[in-house]
Amino acid sequence: MAQPPHPAPAVASNHSPPPAGTNSRHGFRRPVFLAHLAADVPASLVVFLVALPLSLGIAAASGAPVMAGLIAAAVGGIVAGSLGGSPLQVSGPAAGLTVVVAGIVQEFGWQVTCAITAAAGVVQLLLGISRVGRAALAVSPVVVKAMLAGIGVTIILQQVHVLLGSQPAGSALENLSALPAAITGVELHAALLGLTVVAILLGWKYLPAAVRRVPGPLAAVAAGTALSVAFAPAVERISFTGSILDAVALPQLPDGSWRAAAFAVLTMALIASIESLLSAVAVDKMQHGPRTNLNRELVGQGAANIVSGSLGGLPVTGVIVRSATNVEAGAATRASAVLHGVWVLAFSALFAGLIQLIPLSVLAGLLVVIGARLIKVADIRTSLRTGDLLIYAVTLLCVVFLNLLEGVMIGLALAAASVLWRVLRATVHAQAPVPPSRSWRITIDGSCSFFALPRLNRVLHSVPAGEHVLVELNADYVDHAFREALLAWQQQYQAAGGTVLLEHHGNTLFQDAADQAPKRQEAQELPLPPRTSWQPAPDELAEGNEGQSALPPSPVLLGINKYHRRFADKVRPLVQDLAEGQNPDTLFVACVDSRVNPNLITSSGPGDLLTLRNIGNVVCHDGQDASIDSALSFALKGLEVDSIVICGHSNCGAMKAVIADAEGAGNPGLGTGFDAWLEHARPSYLELLADHPVAASAAAAGYCRVDQLGMVNVAVQLAKLESHPVAGPALADGRVQATGLFYDIATARVVLVRQAGIEFLDPEQAAEMSAAHAPAR
């Protein structure tokens, strides 16, 4: 096979653009963040405008000081953006921790919550240093999605009360039961402002693109605030004293309750880590730049939480809403996330008075929409399709009506139980005889362990005594207990006058469970093994055919019976499109030897190969054999194949016969027809004697004389194709290509045969051969 030409070396051009980060006039490299400022600065402003109202709303929903949300947003952008492992992820206070933080604030107070946040950051830092970032992703996605949906439901139940002008209760159940009273006692101005925000956010995507350049949350909060100043000046608003610098609060250790505080630290660290890592993975799917270093991301998130907790800020996580906005706005490096934190800090220090104009119901409307967006109908449909709806529903309800950590733990336990049930379960069925068959059929599929013994015992003992039974075992795992139980039943049943034939398929061998530790085998794509490895013994066949012919059934009929039972339904979808015609791409000329399986060695299926087989895989000259001439014409003119393959094989009987005949030993007993056919292969022997390059190459590789002749024979048949009146012109003008192959049965490897020599197609075999012929040092 011709090797592709080596690419020409790159030539510098006076008009070539400078490398990224290089000053185009003077040729010196600029820092990367400066090279991409033109993209990062506008993106950071967009993210800042989205983060500002979200941070305020999350702080209000968490029961924390309003400025704590802005502190967390600034720290998340600057610290996590600088140190994290995800270049385009934006961190800050997240809705996913709202319920947890609200509960901690209610139990411990704000300053102790700050200490818990800093301690959770230390845990995250240790997790990142310990390089367990990827292990944190070993959480069932359906549990994470249900957790987010449960948080969304909790936020909605809480913030609907604020939107209606009343005070939220401490739990989702209390909020739900108090909802009728809140509706009847609605404060009209607050409700109208909140509903206005909801309407703007829901309808924002339908507005013209020019309008949508302004972030929807910012526009909704600004519009709601403006309406409140004009028409509802008395509505309740955000209140605080001082600027962001005045809101800095030192953390305080808890006064007792250390166990509860430690539990809160672990809860916050776990949820913040999972949410950050999942968000980082989602961001990687949105862009084509560098992938996230998950361990470094944990270090960055931990450092940000240490700083945020120490300064009186909310917990920090990676936030998918801000991160997606960052990617969509065209950010190129982590400088965008860092600058967004700088803008939050500057705005909070210089324009804090504007924040106090925002009504609480306006932020409530924003949070209701955020909570609703955490509940994704697509996730529910996916869980329904995949059989995980129960896990989703139980996790969601437990998160809403118990608490976040308990809900997640219950969901993970249920998901683990579901996996064990699906993986360890074996299906065992018994089918009564269906005429003309007289045998009961027992099918066993799946992981055959001691977990399946109760069902196995029940099904086996449902078969009446004295019957002929066929047991089909299609297992990917078999342990000793299962094998022992099945064999014990077989012996007992046969002792009582019955007949049991055991067929085992699947990816694991039944006998392996007798004397070694069970293990799950790799899935096999190979076809069936030779019939001799699974065909029952003749005496067993005779026992199953009492009263019928004394001769055992034909092996082919046995194979067809097995094909109909196990494979016909699987093959049908593959051949339905071939029912009306064929369109093979290759004419495959092979020896009639039973050990050569063309579809196996070419990884092909029905309809791929047009196969011509004869003794010695020979191609006759024009007019010497009608079957070969007609096959070439049908393949090239009728089916328009684009490839012809000549395939020989090792230890070929035809090649042995040619050598024996040439050396005077002859081939007695094979008849004159066989001797006449060998005439087509004798020219190959003459080429072998003439030191054909293929023979020399095969000898150097260590092949015996018979195999050397087999390879030379392939090369000679390829040469015959070039002079054939049908194949020759097609080969000459490039419409068809010819390939020579040699199948080495002992190694199950295929060798490429060219006129100039042989080439090993298996990389490992080629490396071994190269090492064997390397000069000694």
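These notebook entries record what I looked up in a predicted model.

**Conventions.** I number residues from 1 along each chain as its sequence is written, and side-chain values use heavy atoms, without hydrogens and water. In this predicted model, local features need pLDDT of at least 70 and side-chain atom pairs count only at pLDDT 80 or more, whereas totals for chains, interfaces and linings use all residues.

**Helix H10.** I looked up H10, residues 216–231; helices (H or I, at least four residues) and strands (E, at least two) are DSSP runs, numbered from the N terminus. Its 16 residues should span 22 Å at 1.5 Å a residue, and the end C-alpha atoms are 22 Å apart, which agrees. The expected span is 1.5 Å times one less than the number of residues.

I then turned to the pairing of strands, for which DSSP must find at least two bridges between them. S9 (residues 643–649) and S10 (residues 737–744) are parallel, with 7 bridges. I found Tyr743 of S10 to be the bridge partner of His649. S10 and S11 (residues 749–754) run antiparallel and are joined by 5 bridges. Here Asp744 stands opposite Arg749 in S11.

**The hairpin.** Which residue of the hairpin of S10 and S11 takes a positive phi? I found that Ala748 does, near 55°, and that 4 residues lie between the strands.
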